Amino acid sequence: MRTATYFFIFLNLSLALFEEPAVYPLPFLATSVLEVLCLLVFLGRLTHFAKVTLHNVFWKDTKNICIMVAILLSLTDLAIYGVLRLYDVRSIRWSRIVRPIFLINFAESRQIRRAFRSIRNTLPEITYVFLLFMFSLLMFSLMALKLFGERNLQTAEGLPYFRNYLEIVFDLYVLVTTANSPDVMMPAFDFSSWYALFFIAFVIINTYIFMSLFLAVVYNNYKKHLKVMPGGACH
């Protein structure tokens, strides 16, 4: 039963690869039939669980309620999407975001629920570090606007360089991951090599210090909550 449940959960999650817009597109009829099959299996699994569980216990368990709501939302969304498709009206499958609920809330997924519960308990304690990082990012973005915004610099594509505050915030956020390094700093560096000091300071403070601190806080708090949960002792 556990293997079958995990198989259909995996199949249900994998449908995102084949539904429009898809990586490997399949006909709508094929994906809809597979989804209905998965939902029927989930409904049968839930019905079987209800038969072997006390009535009051079953209805007090929020996991069962979540599964029923997810099944209902998925079927409703599938029906609406199918009707709109018949009339050539473009729409999106908004119920895809509820599919992970099946992975989390079935009784066989106890270890996954423990992990998610630890993450949920960890989030409030890392908020302060995250806010401090965001404050640093916003301040560096403001400094970049003041340094480069009035110098009429342009990117290699001929676009305005660091003249919009929100775009600067996004570009510097990407720079924290080093995904746009060194391209994001080249227009300023070409104007004056001294401007490299600004980006060096930004990378040292935000990428090396804040990201290391953030990772340490997340790891320590997650491990702490994992230890104090029932059956969660770490070795």
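The largest pocket of this predicted model has a volume of about 380 Å³. A pocket here is an open set of points on a 1 Å grid over the protein atoms alone, where a 1.4 Å probe fits and protein lies on both sides within 12 Å along at least five of seven lines. Its lining residues have an atom within 4 Å of a point. Grid points are joined across faces, edges and corners, and the volume is the space filled by probe spheres set on the points. Of the 19 lining residues, Thr155, Glu157, Tyr161, Asp183 and Val184 are the closest to the centre of the largest pocket. Helix H7 (165-176) and helix H8 (186-191) each supply at least two residues of this lining. Helices are DSSP runs (H or I, at least four residues), numbered from the N terminus. The lining comprises nine nonpolar, four polar and six charged residues. Ala, Val, Leu, Ile, Met, Phe, Trp, Tyr, Cys and Pro count as nonpolar, Asp, Glu, Lys and Arg as charged, and the others, Gly among them, as polar.

Residues are numbered from 1 along each chain as its sequence is written. Local features need pLDDT of at least 70 and side-chain atom pairs pLDDT 80 or more, totals for chains, interfaces and linings use all residues, and side-chain values use heavy atoms, with hydrogens and water left out.

The loop between H7 and H8 holds Pro182. The Ser181 to Pro182 peptide bond is cis, with omega near 5 degrees. Phe162 lies in the loop between helix H6 (110-148) and H7. Its phi is positive, near 55 degrees, in a residue other than glycine.

The second largest pocket has a volume of about 200 Å³. Its lining includes Glu20, Pro21, Tyr81, Arg85 and Asp88. Four nonpolar residues, one polar and six charged make up the lining. The Glu20 to Pro21 peptide bond is also cis, with omega near -10 degrees. Pro21 sits in the loop between H1 and H2.

Helix H1 (residues 2-14) packs on helix H2 (residues 28-51) at an angle of about 145 degrees, with the axes 10 Å apart. Axes are lines fitted to C-alpha atoms over the stretch in contact, and angles run from 0 to 180 degrees between N-to-C directions. The crossing is left-handed, that is, the near helix is turned anticlockwise from the far one by less than a right angle. Thr5, Phe8, Ile9, Leu11 and Asn12 of H1 contact H2 residues including Leu34, Leu37, Val41 and Arg45. Contact means heavy atoms within 4.5 Å.

The chain divides into domain 1 (1-108) and domain 2 (118-228), with bounds from an automatic or database domain assignment. Their C-alpha centres lie 39 Å apart.
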